[in-house]
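This report covers aromatic contacts and a surface patch. The sequence and the model come first.

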Amino acid sequence: MKVRMQMDPKIVVSIVYVIAMFMVSMDGTIVNVILPTISSEFNLDPSSASGINVGYLVSLAVFLPVAGWLGDRFGTKKIFLMALGVFTAASFLCGFANNLQTLNLFRVLQGAGGGILTPIGMAILFRTFSVEERPKVSRSLVLPIAFAPAVGPIVGGFLAEQLSWRWAFYINVPFGIMVLIFGVWFLKENKESTAGRLDIPGFLLSAAGFSMLMYAMSLGPSKGWGSPVIMYTGIIGAVLVLSFILLELRVNEPMLDLRLLSDRLFRTLGIISLFSMAGLLGMLFVFPLMYQSSLHASALESGLTTFPEAIGLMVASRMMPWTTKKLGIHQVIRIGLLGTIIIYTLISIVGPTANPWFLRALLFSVGICLGHTVVAVQFSTFTNISSASMGMAATLFNVQNRIGSAIGVAILASILGEVGTSSIGTNGEHHVNLISYQFALLGSVALLVIALLFAMRLKKDDFKAKIPKQHMAKSLGVKQVRSG
């Protein structure tokens, strides 16, 4: 007779979510740091190694939109664990690769797992915790969302210098196996009877459109936006995505339910999150480059300089219950964005040659301010979303965030390319052009200003749960809710 040990489902989901999402979130920034080392080992030009990230991002863009339907149709536990297994196995294979071609192939496989894993994990989390409980799990949310990208450069730099770049991939394997075993044993299955059939035309349009857009945004800054390949890929991708949007608004069983954007709170917070992530990931992209190029610092040293931002995020997560109670969620989001805008501006003015501890204090403050905004947005976005629509909503939210991250890096990288990161002195020597980095950081400020403009539209009453009737009907498995 088999005896299965019981655990609180909320504890199980929190553990599984944090570890799995931490792996996926850290993967992007940890790989950025090791690209020069990989290029050197394979005797390649550094620009050739960019395909390692592009393949991952394109694959992620293909599978991310369909994740919600897969979870609803076949069960969130089953799909989550399958995606985690693919991501973990691909991580091992990436570390085992002996040439660029096989590494790119395994990164594509890793992107497929990561694209499905993230929205399914979020759907499981928000189905487990009620609207009233979500602020209490903000500490769990902040770890994989914003803490992991800041930790990635430190881990990647340390592993590349002390062990091998391969360990930047191998590090995922033990954690992935642990979560797989834990999830198989303790996670509970959830299926939605209203999932319906896969929207094949929608999947084909989204797969082609989003992958082309991601490709263009990833390589546009380096190849040039006027390059025929980038220009045509971007235009065709945009046309396909627009066709996908129009299709999804017309079909009865869409793969990505864009009608969820009719909810004002979900729509507004989604836009705020998009531009906030664009500003955050853009800054985490530009500042290490500026620090390393101007001070000739190593990747590990620059990672340690940005690390206080992650500590600030942790402190913000502890402050959230008090600040939201005193100020209200809408004010927390606004003040967090305003504070971050001011600090980003100061960082761009003082530059990397300022006192290191002053820079660390500024980055710690960024973590405090933006941490409040990110966490508040995360647990509030799904306030009016029913359990049945949670998979679709989580997928849509993650698609927006991924696009935001790509936009942020693409815009700031383009600014660096246009202004130029180096200048030639009178004697022919090359000097670091700090102005280009400062302009790029001001680009991050502009993205956060857009987020703040949308945050100003928020009201206190917006955060009171109001499940629309059509969403309630969907969760009850009926087509219409009759009045009376």
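## Surface patch

Which residues form a nonpolar patch on the surface? Met-231, Tyr-232, Ile-235, Ile-236 and Val-239 do, and together they have about 470 Å² of accessible area. Areas are from the Shrake-Rupley method with a 1.4 Å probe, and for residues only the protein chains shown count as cover. Patch members have over 30% relative accessible area and no salt bridge; like charges are joined within 9 Å, nonpolar side chains (Val, Leu, Ile, Met, Phe, Trp, Tyr) within 5 Å. A salt bridge is a side-chain nitrogen of Lys or Arg within 4 Å of a carboxyl oxygen of Asp or Glu.

The model is predicted: local features need pLDDT of at least 70 and side-chain atom pairs pLDDT 80 or more, while totals for chains, interfaces and linings use all residues. Residues are numbered from 1 along each chain as its sequence is written, and side-chain values use heavy atoms, without hydrogens and water.

## Aromatic pairs

The whole structure holds nine aromatic pairs (ring centres of Phe, Tyr or the six-membered ring of Trp within 6.5 Å; planes under 30 degrees apart are stacked, over 60 edge-to-face, the rest tilted). Trp-165 and Phe-169 make an edge-to-face pair, at 6.2 Å between centres and 90° between planes. Phe-169 is buried, at 0% relative accessibility (buried is under 20%, exposed over 50%, partly exposed in between, with a 1.4 Å probe and protein chains only).

Phe-92, Phe-96, Trp-167 and Tyr-170 form one aromatic cluster.
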